[in-house]
Every structure is written in C-alpha cells, then in structure tokens.
Amino acid sequence: VDEIYRNSTSFKSYAAGYFDHLANLLQRVDLEKLEFFSQKILEVRKNGAKMIVCGNGGSASTAGHFVNDFSIGTRSKSTPFEVISLTDNSAVLTAIGNDFGYEHIFAKQLEATLKHGDIFVVISASGNSINLIKAVEYAKQRGNYTVALLGFDGGQLIQMVDLDLLVSSADGDYGPVEDAHLIINHLLMNYFLRLVSDQENG
C-alpha cells in the first residue's frame, strides 16, 4: 500500500491502485479451501451446532459482521445458521482481561460456549495474536474443528488450525487483508442466502 501511494499522482490514482491490489489479493485465495469451509458451515448447520468467531481490532468487527450476516442476512426460517462472536460483550471481555489477562479473553469464553460439533473460526491479519493462539489450542484440545482467516504469511496460526484461508500479502498490509476477509464473509453469506431460499421455497 505504501508503494501504491508513492506511485500515485492523486487520490484517484491511489484508489485505482488500491482496488487493483485488493483484486490481486483475492485472486490468491485458495478456492478449494474456501469451498471446503462452506461445506463445513453447512454441515454444522445441519447438525444443529454453531460457529464461534473472534478476532482483535478490525478483525473483531469482522467477527461481529459474520454473526449479523449469517444469523440474520441468510434469512433462514427453518434451519438458521447459529453463529456467535466472542468479541461483542464488553463486560465479559473486561472481566476476563482484568482477572486472568488479555491473552485469555477468548479461551476462557470457549470454556463456557464451545460444544461438541461446533467449529471455531479466528480472524487475524498477522496470525500471531496470543489470545487467538491460546483459544485455538483450547479448541483443538477439545477436539473441535478450527479455521483461520489470515493475512501476510499466516503467522503461527497457519500451522495450528485445521483449515487456513490465507490472503497472502506483504507484512503489515492490514487494510487490504481485512477488506478481503470481509469480502469472504459477504461471499459466503450471499451464496447461503440464495441456497437457503432455494431449499425453503422449493
């Protein structure tokens, strides 16, 4: 992104370069892995289990966006998608952070929310956030399937999770990576919206 800015002559040229860069990042996403993720989500829905999502910073808002889009946006009446975010309750986050340390804010919540058959999804550009690492470790100890939406080189998490969805990018390319993660959310939601409509309306 710094290079795009240095090579731009105006905001318009910067915007064009940014959009081209984002399109290039999206083309690097492994569609086979993304297809498999979509199947896992449908499997969890069919089995009456849930998807638990979390992240830090901008990725925390993406986790909340997942809940909105899957729980509400897919408009499933008979078999809804059950999705919860571990980032949206400030009382819980601050209590755990104060009593146990910030690195435990997600793992401690999993102790109360993670059930057999649930899938655990972490969202992280760097893949190195200690609170996400500890949460993934806990989920794997419990035998739950783990997924990570990642950026840069995937960090530590890419070696830990069962399924990685990597937006391969330069280190520090936070904005475009977070854009791509949200686009993946919208891609899945829009597909499921239409799939559910076909299933429920014949």
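**Figure 1. An aromatic cluster in the predicted model.** In this predicted model, a single aromatic cluster is formed by Phe66, Phe70, Phe81, Tyr191 and Phe192. Nine aromatic pairs are present in the structure. The pair of Phe70 and Phe81 is edge-to-face, because the ring centres lie 6.0 Å apart and the planes meet at 80°. This pair links distant parts of the chain, with Phe70 in helix α4 (residues 58-73) and Phe81, 11 residues away, in the loop between α4 and β2 (83-85). Both Phe70 and Phe81 are buried.

**Figure 2. The aromatic pair of Phe152 and Tyr174.** With ring centres 5.0 Å apart and planes at 85°, Phe152 and Tyr174 form an edge-to-face pair. Phe152 belongs to strand β4 (residues 145-152) and Tyr174 to helix α8 (residues 174-201), so that distant parts of the chain, 22 residues apart, are linked. Phe152 counts as buried at 5% relative accessibility, whereas Tyr174, at 42%, counts as partly exposed.

**Figure 3. Charged side chains over aromatic rings.** Arg45 places its charged end over the ring of Phe81, 4.7 Å from the ring centre. Over the face of Phe100 lies Lys108, at 4.3 Å from the centre of that ring.

**Figure 4. The surroundings of Asp164.** Asp164 is located in strand β5 (residues 163-168). Its relative accessibility is 14%, and Asp164 therefore counts as buried. The side chains of Asp164 and Lys33 are joined by a polar contact of 3.0 Å. Apart from neighbours within four places in sequence, the residues in contact with Asp164 are Lys33, Ala148, Leu150 and Ile158.

Notes:
Residues are numbered from 1 along each chain as its sequence is written. This is a predicted model: local features need pLDDT of at least 70, side-chain atom pairs count only at pLDDT 80 or more; totals for chains, interfaces and linings use all residues. Side-chain values use heavy atoms; hydrogens and water are left out. Helices (H or I, at least four residues) and strands (E, at least two) are DSSP runs, numbered from the N terminus. Buried means under 20% relative accessible area, exposed over 50%, partly exposed in between (1.4 Å probe, protein chains only). A polar contact is a pair of N or O atoms within 3.5 Å; within protein, one must be able to donate a hydrogen and the other to accept it, and residues adjacent in sequence count only if both atoms are side-chain atoms. Contact means heavy atoms within 4.5 Å. Rings of Phe, Tyr and Trp (its six-membered ring) pair if their centres lie within 6.5 Å; planes under 30 degrees apart count as stacked, over 60 as edge-to-face and the rest as tilted. A charge sits over a ring if NZ of Lys or CZ of Arg is within 6 Å of the ring centre and within 35 degrees of the ring normal.
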